[in-house]
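Please keep both in view while reading.

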Amino acid sequence: MVSEIRLFTETAFIQKAQSYQTVLSSRGVVVNIEIVEKLNARFLRLNPEMALCVDDAGLSLSANGMKMQPDWKAEIPRLKRASLKSEMIARACNISEKPSLIDATAGLGHDTLLMAHLGANVTLIERHPILFTLLEDSKKQAESDPFLSKVVSRIHLVFSDSNTYLQQHIDEHKTVDVVYLDPMFPQRDQNQQAIKKQAQVKKQMQLLHMLLPEDGEMDLGDHLLVLAQQIAKRVVVKRPRLAVFLNDQSTDHQWLGDACRFDAYFNSAFVDKIVE
Ligand SMILES: C[S@@+](CC[C@H](N)C(=O)[O-])C[C@H]1O[C@@H](n2cnc3c(N)ncnc32)[C@H](O)[C@@H]1O
């Protein structure tokens with residue numbers, strides 16, 4: 001994982017940059033601030049290596065001439081089109097019951113945003129310090145947005161490794177309605193069609209690919225499933241449509257989409273019902 005990174009900013013945003021530096025340092029990342037005259041597209045093109053940027057849009061990651069953020073505000077049109085019926089993830093996670101839900105693999109937080117919008121109360125866990133700080137920033141910005149403020153009040157962000165977090169739940173005999181898992185899936189293991197789609201990954205997804213390179217440490221999530229099954233009525237795993245099962249465990253029920261599918265595992269100690 002990245003432990004040292006440059007941060008570009010202009011004089012007007014130095015204080016903001018320093019507060020991100022302090023926060024990131026408490027999360028184990030050394031941030032070297034560089035003040036630049038104009039943090040514009042030209043500057044980013046001339047400085048294509050991965051770095052952080054602080055400007056009036058808050059914190060972002062820059063690489064290859066682009067600035068990237070989880071950008072929850074950009075999800076608003078998608079949220080406005082979504083409904084409990086139309087969204088497969090909502091049926092898989094039984095969101096109509098307004099469940100307590102742990103999303104143990106936050107990423108950009110977009111799946112969580114959708115589920116919180118449709119009524120779930122979500123604990124959102126991310127272990128990558130830079131990604132977590134970007135998420136925290138997106139959440140803060142969303143809190144002052146008239147449409148998103150209510151949605152994000154149902155999201156509780158936690159900086160942790162989910163293996164530790166779920167194990168703590170087990171030790172404390174705590175239960176939850178749903179654990180949602182969307183672990184990284186190595187592209188080389190996907191079929192050709194999926195790879196083609198991946199090649200067109202949108203800008204925000206590139207953020208994940210930048211921060212979580214395939215040759216870095218990648219938690220493929222097998223053990224998360226084992227832990228999640230001990231505390232949840234239902235565990236839902238998002239997979240590429242043709243991928244192997246997580247932890248080689250066949251599923252109790254499956255919702256199939258064009259590019260991805262949701263595998264559900266029910267805990268027989270609880271009564272749960274499927275909404276098709
Ligand atoms: C494929 S992304 C999830 C995308 C997400 N569903 C979304 O809507 O943006 C997987 C994320 O899970 C995180 N992750 C993987 N293993 C984890 C673990 N053990 N604890 C916490 N986060 C983890 C990775 O750092 C990565 O950000």
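The points below treat aromatic pairs, charges over rings, backbone angles, strand pairing and one glycine.

The model is predicted, with local features requiring pLDDT of at least 70 and side-chain atom pairs counting only at pLDDT 80 or more, while totals for chains, interfaces and linings use all residues. Residues are numbered from 1 along each chain as its sequence is written, and side-chain values use heavy atoms, with hydrogens and water left out.

**Aromatic pairs**

- Three aromatic pairs are found when the whole structure is searched; rings of Phe, Tyr and Trp (its six-membered ring) pair if their centres lie within 6.5 Å, and planes under 30 degrees apart count as stacked, over 60 as edge-to-face and the rest as tilted.
- One of them is formed by Phe-132 and Phe-159, whose ring centres are 5.2 Å apart and whose planes stand at 40°, so this pair is tilted.
- This pair links distant parts of the chain, as Phe-132 belongs to helix α6 (residues 129–143) and Phe-159 to strand β8 (residues 155–159), 27 residues apart; helices (H or I, at least four residues) and strands (E, at least two) are DSSP runs, numbered from the N terminus.
- Phe-132 is buried at 3% relative accessible area, whereas Phe-159 is partly exposed at 34%; buried means under 20% relative accessible area, exposed over 50%, and partly exposed in between (1.4 Å probe, protein chains only).
- Tyr-180 and Phe-262 are also paired, with ring centres 6.5 Å apart and planes at 35°, so they too are classed as tilted.
- Here the link is between Tyr-180 in strand β9 (residues 176–181) and Phe-262 in strand β12 (residues 260–266), 82 residues apart.
- Tyr-180 is buried at 0% relative accessibility, and Phe-262 is buried at 4%.

**Charges over rings**

- The ring of Phe-159 has the charged end of Arg-27 over it, 5.5 Å from the ring centre; this requires NZ of Lys or CZ of Arg within 6 Å of the ring centre and within 35 degrees of the ring normal.
- The charged end of Lys-80 likewise sits over the ring of Phe-147, at 5.1 Å from its centre.

**Positive phi outside glycine**

- Lys-98 has a positive phi, near 50°, although it is not a glycine.
- Lys-98 lies in the loop between α4 (88–92) and β6 (100–103) and is exposed, with a relative accessible area of 55%.
- Asn-247, likewise not a glycine, has a positive phi near 55°.
- The loop between β10 (232–240) and β11 (253–256) holds Asn-247, which is partly exposed at 30% relative accessibility.

**Strand β6 and its partners**

- β6 runs parallel to strand β7 (residues 121–126) and is joined to it by four bridges; two strands pair if DSSP finds at least two bridges between them.
- Leu-101 has Val-122 in β7 as its bridge partner.
- β6 and β9 also run parallel, joined by three bridges, and Ile-102 stands opposite Val-179 in β9.

**Gly-109**

- Gly-109 is located in the loop between β6 and α5 and is buried, at 0% relative accessibility.
- Beyond its neighbours within four places in sequence, Gly-109 is in contact (heavy atoms within 4.5 Å) with Trp-72, Leu-124 and Leu-135.
- Gly-109 and Trp-72 are 37 residues apart in sequence, and their C-alpha atoms are 8.1 Å apart in space.
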